[in-house]
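I opened a new page for this protein and kept the sequence beside the 3D view.

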Amino acid sequence: MTLMQARSSVLQPPFKREVIFCVRGVMSPLLANIYLHLLDRLWAAKCGSLGKLIRYADDFVVMSATEAKAKEALRQIGFVMSKLGLTLHPEKTRMVDLRRGKGSFVFLGCTIRKKRSIQRNPRWHFMQRWPSPKAMKRIRQRVHELTDSRHSGKDVKQIIATLNPVLRGWGNYFRSGNAERKFNQLDSYVYCRLAQGMGRRGGQRVQRVEKWTHDRFVDMGLYRLRGTVKYPTQATSVRSSLSRVRENRTHGLKGVV
């Protein structure tokens, strides 16, 4: 029995379904989970062989082993969506070939792509994830808002206290992946914004601005993202005989979170 056939065997609820507009609202993920629970049930019961369905609210991906299975999965999901009165977004719905790093996609703010292993066998590719360009743009905009000229009259420690919850929360979300390079970029951006802010005070000269190093801001309490990346516990331990980069042997590949 296919997913389409199984759909007709599900009892219809004794009430009329209605989609409520609450995008970006507090209730939006909950309502999406309730409404799309039927998809989860039918997929687990009838279509598990087509691939693994990963869903959060109305965002989901299907990881299929072959192109044929991926096409069939897309057809089955499209049918269920139509029965629920929904449609797949034409621009966000696509098939991606992840083999040997050919393609990538963005899911829940993360860019997901396979990359070659430099520590084991260069011919092997492993799935990696890091903050997407959109996620990086949003966090930079937020940092800019908290350090713009409107806050130039505040004490630097007060500005740092406002920044820290934003940086810590963002970092905790993305840290269990391969975000080290992106974390370093954001650390540099935060430092530049703070240093520019100190330079605006009283028209300070460049010589005085240069005294405001990143380490000085950290000593004043600034949260540093560098060094906070923790690889998933599923990561395989590095075999020293195949390691080509000595300094990477302690970068969390032992699975310590």
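**Entry 1**

I looked up an open sheet of 3 strands, which has the order 3-4-5 and antiparallel pairing. Strand 3 (104-107) and strand 5 (125-131) stand at the edges with a single partner strand each, so one side of each has no neighbour in the sheet. From one strand to the next, the twist averages 30°. I noted that the model is a predicted one.

As a reminder to myself, strands of a sheet pair through backbone hydrogen bonds, in parallel or antiparallel fashion.

**Entry 2: pairs across the strands**

I took strand 3 and strand 4 (residues 110-116) next; they run antiparallel and are joined by 4 bridges. Which residue of strand 4 stands opposite F105? I found I112 there. For F107, I wrote down C110 as the bridge partner in strand 4. The hairpin of these two strands has 2 residues between the strands, and L108 in this hairpin takes a positive phi near 55°.

One of the residues I checked was R113, whose bridge partner in strand 5 is Q128.

**Entry 3: salt bridges**

I then turned to charge. Side chains of opposite charge can pair when their charged atoms come close. How many salt bridges does the structure hold? I noted 8.

E67 forms one of them with K71, and their closest N and O atoms are 3.4 Å apart. Both residues lie in helix 4 (residues 67-83), 4 residues apart, which is about one turn of the helix. E67 counts as exposed at 52% relative accessibility, because the cut-off for exposed is over 50%. K71 has a relative accessible area of 47% and is partly exposed.

R150 and D148 also meet through their side chains, at 2.8 Å from N to O.

Within it, the side chains of D97 and R99 meet at 2.9 Å, N to O. D97 is partly exposed at 30%, while R99 is exposed at 55%.

**Entry 4: cysteines**

Last, I searched the whole structure for disulfides and found 0. I still looked up two cysteines. C110 is buried, at 10% relative accessibility. C192 is partly exposed, with a relative accessible area of 37%.

Note on methods: Residues numbered from 1 in each chain as written. Predicted model: local features only at pLDDT ≥ 70, side-chain atom pairs only at ≥ 80, totals over all residues. Heavy atoms only, no water. Disulfide = S-S within 2.5 Å. Buried < 20%, exposed > 50% of the residue type's maximum accessible area, 1.4 Å probe, protein only. Pairing = 2+ DSSP bridges. Axes fitted to C-alpha atoms, helices over the stretch in contact; angles between N-to-C directions. Salt bridge = Lys/Arg side-chain N within 4 Å of Asp/Glu carboxyl O.
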